[in-house]
Each structure stands twice: as C-alpha cells, then as structure tokens.
Amino acid sequence: MTDFQQQALQLASQQNGTDWLADLRARGADRWAAAVWPTRKTEAWKYTPLLPLQNDNPARWASVADCAWQQAIDPIPVDATRLVFVNGHFRPEHSSALPAGVARFSEADAAQRELIRSQLGTVMDSSLHLFGALSDALAADGVLIHVPRNQTLDKPVYILNVSTPEAQPAMSSQRVLVVLEDNAEAELIEHYVSGDEKQNLFVTAMTEVVVGNNARMQHYRINLEQEDLLHVGGVHVDLYRDARFLGFALGQGSRLKRIDYHVNHCGQGAHLGLNGVYLPRNRQLIDYHTNVEHKVAHCTTDEVFRGIIGDSAKAVFNGRIHIHQDAQKTLAEMSNRNLLTSPNAEVNTKPELEIYADDVRCGHGATIAQLDETSIFYLQSRGVTRAEAVRMLSFGFINELLNEVPEQAIQDYLRPRLTALFGQADEKLGQMTYE
Amino acid sequence: MLSIKGLHAKVEEKDILKGLDIEVKPGEVHAIMGPNGSGKSTLGNVLSGRPGYEATAGSVQFKGKDLLEMDTEERAREGLFLAFQYPVEIPGVSNMEFLKVSVDAKRKHLGLPELSSVEFMKLARETSKRVDLDANFLKRGVNEGFSGGEKKRNEIMQMMLLEPDLCILDETDSGLDIDALQVVADGVNSMRDGKRSFIVVTHYQRLLDYIVPDYVHVLADGRIVKTGTKELALELEAKGYGWLENGEG
C-alpha cells in the first residue's frame with residue numbers, strides 16, 4: 001500500500017455517523033487497501049499520473065471553513081432547491097428547505113435509509129473504479145434524490161460544492177445518489193467551484209444515478225476549480241427501458257482532474273446524450289474517461305466532447321463504447337474535437353469501440369487542430385485585434401455545445417466566465433502554427 | 001485616397017507584383033481586370049495585410065499614411081475594406097456578434113461610443129434588408145452553410161455597416177447569378193457618395209455593366225499594362241487579353 005492509501009484508510013476509519021453504511025465503508029476500505037496503485041503502465045491512468053496526490057499527502061479532513069466563501073464565489077442564479085457544501089460540510093444556513101424526496105443521508109428516514117442501503121454502491125462498481133472504492137470507504141453523508149413513479153421534481157436540485165483554501169493538504173468527499181422510478185423526471189446541477197487562491201484540497205466526488213423505465217434525467221456536472229485543486233470523481237448511470245439521461249460536463253482548473261462517466265444501457269430503448277467541454281490552461285491536467293455499456297438492444301448514445309488546451313496544459317479523453325453481443329440495433333455516435341492554442345499544449349484522445357453485435361451503427365471521430373489562420377485574418381480584416389479574434393474563434397469552438405445547454409441560467413452563467421478565460425490570451429497565441 | 005507607387009510583392013518566395021502603380025482619388029471607382037495569375041487577388045491581399053503576402057519594394061499611401069506599416073486591423077479601422085473572394089465560415093461565432101465586434105472596433109477607433117445591443121440589432125436588421133438577406137442569417141454562425149451568393153451579400157452587408165473610405169471588391173461577382181449580382185451592385189452603388197472610393201477586381205466585364213467604373217486598368221504579369229475608361233472593358237471582353245500581353249497595346 002502507498003502512504004496515500006494508508007492515510008486515506010486512516011480518514012475512513014474516522015467516519016462514524018450513519019452506522020447503517022458501515023458495511024459499504026468496510027467493503028470499500030477492503031478494496032482500496034487491496035488495490036494495486038496505478039503507475040504509468042496502468043492503461044486507465046497512463047496519461048494522468050497520480051503523483052500530485054502522493055506528493056501532497058492530503059492526510060486530514062478539510063476544515064469546516066465558514067469564512068468568506070460567498071465573496072469569492074457566485075452561485076449559478078438558477079431557480080432550484082439549493083444545497084450548499086463547503087469543503088464537504090453541509091451548510092444549512094445557505095441551503096434551501098428540502099422538498100420531499102431530497103434528503104441528506106445523515107437525516108434520511110427509515111424508508112430512505114433502506115433505499116440508500118440497497119442502491120448506493122451498486123451502480124458504481126468499486127471493483128472496477130479505484131477511487132470508487134475510496135469513495136465507498138469514506139461514505140458517511142451525501143445527498144439522496146428520490147422521485148417516485150410518475151412524479152416530477154418541481155425544481156432542479158442544485159448542489160453547490162464550494163472549496164476554500166486550506167493551510168495544509170486536506171481531503172473532502174461528496175456522494176450523491178439519484179433514484180428515479182418509472183416515468184419520473186428530475187434535473188440535477190452539480191457545481192464544484194473554488195475561488196482563485198491556492199486550495200490545497202483533494203476532492204473526491206461520486207454520483208450514482210438510477211433512471212427507471214421511461215424516466216428522464218437532466219444532469220450537469222460543472223467543475224470550475226482553482227488550478228492547484230485535485231479532483232477525482234465520477235458519474236455512474238444505469239438506464240432502464242426507454243430511460244433518458246442527458247448530461248453536460250464542463251471541466252476547468254485543477255492540477256489533476258479526472259472524471260469518469262460510466263453509463264449502462266440496461267433496458268431496451270434507453271438513450272444517453274452527453275456533451276462535454278474541457279478547458280485546461282497553464283499547467284492544468286483534465287481527464288475525462290467515458291465508458292458506455294450497451295448491454296441490450298435498441299439503445300442509443302450520442303456523445304460529443306470538445307476541448308481547448310492552452311499554455312502547457314494537458315487533456316485526456318478516453319471514450320469507450322462497448323456493444324455487447326445482444327445489443328443489436330444499437331445506434332452510437334461519439335465525437336471528440338480538440339483545439340491546441342499553444343505549442344506546449346498536449347492532448348491524448350482515444351476512442352475505443354468494442355463491438356460484438358453485427359447489426360449496429362456506431363461511429364466515432366477524434367480530431368486535434370490549431371486555430372485556422374484564414375479565419376483569424378478574416379476577423380482582423382474587419383478591425384478585430386488578433387487577440388480578440390483568437391478569443392472569438394476559441395469560444396466559438398465550444399459555443400456550439402454551450403448553445404445546446406437546455407438550462408438558460410447555466411448558459412448565461414458560463415458564457416461570460418468562459419469568454420474571460422480566452423480574454424486572457426497572451427502573445428504566445430500569436431506564434432502558433434496551423435495546419 | 002490611395003497612392004500605389006512601384007509596388008513589388010511576393011507570395012511564398014514567388015514575385016507576383018512587379019512594379020504596380022495606381023492612383024485612386026476620393027469618389028473614384030477603379031476596375032482592375034486581367035487574366036488568371038496576373039496578380040489581381042494578390043493586390044487585395046497585400047493591401048489588407050494578409051500574412052504570407054509580402055511587399056518587397058515600392059510604397060502605398062492611404063489617406064496620406066504609410067499603409068504597409070499598419071497591422072491588418074489598423075488598416076480596417078482606418079477605413080480600408082476588403083470583400084473576400086472566398087468569405088470564411090466560422091461556426092460557433094454568430095454573424096451578429098461578429099458584426100457588432102467589428103463595428104464597435106471601428107467606432108472605438110473614431111472615438112465614438114459602442115452601440116447598445118438594441119441599437120445594433122436594429123441597424124443590422126435594416127442593413128440585412130438592403131442586401132436582401134433574411135434577418136435569420138444574423139443568428140447563424142458567420143457564413144456557416146451560406147450559399148455562395150449569400151456569402152457575397154454578407155460581405156456587402158459588412159461593408160455597409162463599417163462604412164469604409166476605400167472598398168476593395170475581390171472578384172465579388174464570381175459565382176453569382178444575375179439576381180445576386182444585381183443585389184451586390186445595388187449595394188455598392190448605394191454607397192457611392194462622391195467621397196468613398198472603390199477598387200473592383202474582376203475577371204468579367206459583366207459586373208461593370210452594373211458598377212460603372214471611372215477607370216479600367218489591365219493587370220498583366222504584376223504590372224498595369226493599360227489604363228482606360230469603361231470602354232476598355234468592352235474591348236477586353238471582345239478581344240481578350242492576348243493583344244495587351246504581346247505588347248501591341
């Protein structure tokens with residue numbers, strides 16, 4: 001075991017509330033302790049070294065920093081049921097009253113406990129996901145969203161996860177479970193955010209979603225985090241007959257950010273629509289691993305990820321679609337396009353299609369390009385400066401996906417913030433080459 | 001307005017312009033004709049400062065200033081406009097945003113306040129009507145999925161919004177049917193006010209029936225080999241360029 005594994009177990013052993021989750025924690029701790037720590041030779045972590053975690057040794061829980069987070073962070077002004085967590089600690093004074101069906105694990109009633117016990121750790125397979133095992137080992141509190149049959153949540157649920165600077169390296173953990181019964185509908189916005197100061201924080205955050213027959217889930221996972229923060233998390237989804245999961249992922253910030261989307265098509269007619277945008281700059285590293293398991297026939301997947309990688313940043317996109325033998329008539333499309341705005345930027349993109357059924361349509365495309373000099377000149381010839389032209393073209397590259405975000409408040413929130421990222425374009429941009 | 005003296009330019013180490021002279025006064029329309037490869041498009045690109053098009057000798061004065069010393073965007077703000085032969089498609093950047101940023105840059109340069117979004121929308125809608133473009137084109141990506149004619153009309157619309165002092169039309173007529181040609185020509189003619197100057201680069205005499213030039217220049221092998229009035233264009237249409245290139249002119 002590495003030092004980090006041992007220290008994390010130490011922290012896990014301090015989790016005492018919610019004793020009815022002790023079995024899950026014990027199983028997670030066993031798997032975490034038994035896991036072989038990934039190296040450069042481990043395929044799933046080949047381009048995403050975990051050294052920052054080992055070097056930082058986040059050996060303590062993040063503090064209940066109250067302080068002035070509200071000065072550093074603007075929440076998304078969306079009409080929603082809001083739950084605020086600061087460094088993993090729930091802040092009731094900043095949160096809404098929770099409607100029926102939304103509860104924290106620590107305050108769950110008997111029926112909700114039974115639901116959590118039966119579902120938590122079943123969508124995410126912690127024998128496959130190292131940090132899933134860690135999340136299980138640490139699981140104490142979290143958020144349950146449960147929508148009964150034929151019901152719709154009145155408002156979206158907005159979970160605002162704020163981090164604040166820590167003096168010493170520290171850890172925080174978040175866990176979300178969504179259970180939509182047949183014909184139910186819900187929208188969830190998970191927002192991970194920090195101010196601009198150095199954070200010293202490792203965030204682990206796992207979300208599991210069960211979408212019942214003909215149920216519909218709209219999901220956002222927005223990570224706008226400071227660049228020293230470390231974040232490893234995942235979104236794990238089971239889709240049953242005619243279920244729909246529409247997701248939007250946005251990643252910005254972090255020296256090490258790894259987010260897994262693992263989606264199981266378990267019932268015929270299910271649909272996954274997943275769009276993602278990643279924007280690492282400076283020395284950041286952002287890694288999205290997606291894995292879609294088409295286990296049954298007649299399901300569809302439409303997945304589009306785009307990244308703009310600047311300065312000396314790195315990005316990883318690994319998109320796996322696994323079409324099992326019985327998954328006839330599958331329609332799956334995956335596209336990943338990348339824009340490098342600096343000669344030192346790097347992207348590793350790998351589409352992985354494994355197809356064992358013979359009557360399917362499955363396509364993928366991955367591209368890596370630089371900004372088009374003719375387009376830059378066209379804008380300049382209309383009086384726009386080169387820096388502004390680069391900003392407009394870069395933003396245009398991801399704006400197509402932003403335009404498809406159904407929640408207008410999120411579009412309006414992200415657009416100026418993302419534009420500002422490219423507004424800081426420096427002279428280095430002027431020297432890039434093009435195809 | 002524009003004074004070009006002995007201009008030499010090269011593209012990718014190849015000499016294209018070899019001592020070109022043109023004098024354009026305010027309010028004049030100059031047509032530049034010539035066979036393929038004579039340097040017609042190079043001239044527009046050199047004047048607008050396109051990377052890769054390098055002036056190696058000679059001088060270009062624009063409104064009394066050294067044009068070749070300016071960046072592309074400065075030239076535009078000073079009032080030079082190039083209507084592209086092949087306008088660029090930019091998905092993800094809306095035509096409206098593109099036009100507003102351009103107009104704001106020009107206004108800022110002139111010391112004028114930026115237009116509010118509402119003011120600009122109104123102006124853009126009116127202008128799109130003048131070039132017979134549906135206002136829906138304003139919402140779409142710049143030139144994205146536009147037909148050839150729509151792209152050219154979008155160029156003329158940009159020209160109208162930016163109100164340049166000197167407009168260079170680089171084969172704006174190529175690929176246009178007669179209706180689109182009429183719209184483009186009407187747009188250009190509506191902007192002739194006795195002060196604004198035009199350089200119309202074209203391969204075909206046809207455009208000059210609609211945009212009547214004060215002078216017609218024949219460009220061959222990087223130099224102006226003959227200058228005349230609009231009748232010269234008709235003569236070229238009838239006789240081709242061979243008689244000039246052979247030195248018989």
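Where in chain A does A297(A) lie?

Author: A297(A) sits in the loop that links β14 (285–294) and β15 (300–309) of chain A. Strands here are DSSP runs of E with at least two residues, helices are runs of H or I with at least four, and both are numbered from the N terminus.

Quick housekeeping before we go on. This is a predicted model, where local features need pLDDT of at least 70, side-chain atom pairs count only at pLDDT 80 or more, and totals for chains, interfaces and linings use all residues. Residues are numbered from 1 along each chain as its sequence is written, while chains are lettered from A and ligands numbered from 1 in the order in which they are written.

A297(A) counts as partly exposed because it has 18 C-beta neighbours inside 10 Å; buried takes 20 or more other C-beta atoms within 10 Å, exposed means 12 or fewer, partly exposed is in between, and the C-beta atoms are placed from the backbone. Setting aside residues up to four places away in sequence, A297(A) touches Q268(A), D326(A), A327(A), Q328(A) and K329(A). Touching, or contact, means C-beta atoms, placed from the backbone, within 7 Å.

Now try N318(A), in strand β16 (residues 314–323) of chain A. N318(A) has 21 other C-beta atoms within 10 Å, so it is buried. Beyond four places in sequence, its contacts are H289(A), K350(A) and E352(A). The C-alpha atoms of N318(A) and A44(A) are 8.8 Å apart, although 274 residues separate the two along the chain.

Next, the core. A nonpolar core is a set of buried Ala, Val, Leu, Ile, Met, Phe, Trp, Tyr and Cys residues joined through C-beta atoms within 7 Å. The largest one has 200 residues, and those touching the most other members are V178(A), L180(A), V211(A), L239(A), F81(B) and I168(B). Strand β8 (residues 201–211) of chain A contributes the most, with eight residues. L239(A) has contacts including V211(A), F245(A), V263(A) and L272(A).

Finally, follow chain A to helix α7 (residues 373–380), which is mostly covered, with six of its eight residues buried. Those are S375(A), I376(A), F377(A), Y378(A), L379(A) and Q380(A). Their cover includes α8 (386–402) of chain A, along with α2 and β7 of chain B. That brings us to the interface, where 20 residues of chain B contact 18 residues of chain A. On the chain B side, α2 (72–78), β7 (90–94), α3 (95–109) and α5 (148–162) each supply at least two residues. That side splits into 11 nonpolar, five polar and four charged residues. Here Ala, Val, Leu, Ile, Met, Phe, Trp, Tyr, Cys and Pro count as nonpolar, Asp, Glu, Lys and Arg as charged, and the others, Gly among them, as polar.

Technical notes:
Two residues are in contact if their C-beta atoms, placed from the backbone, lie within 7 Å.
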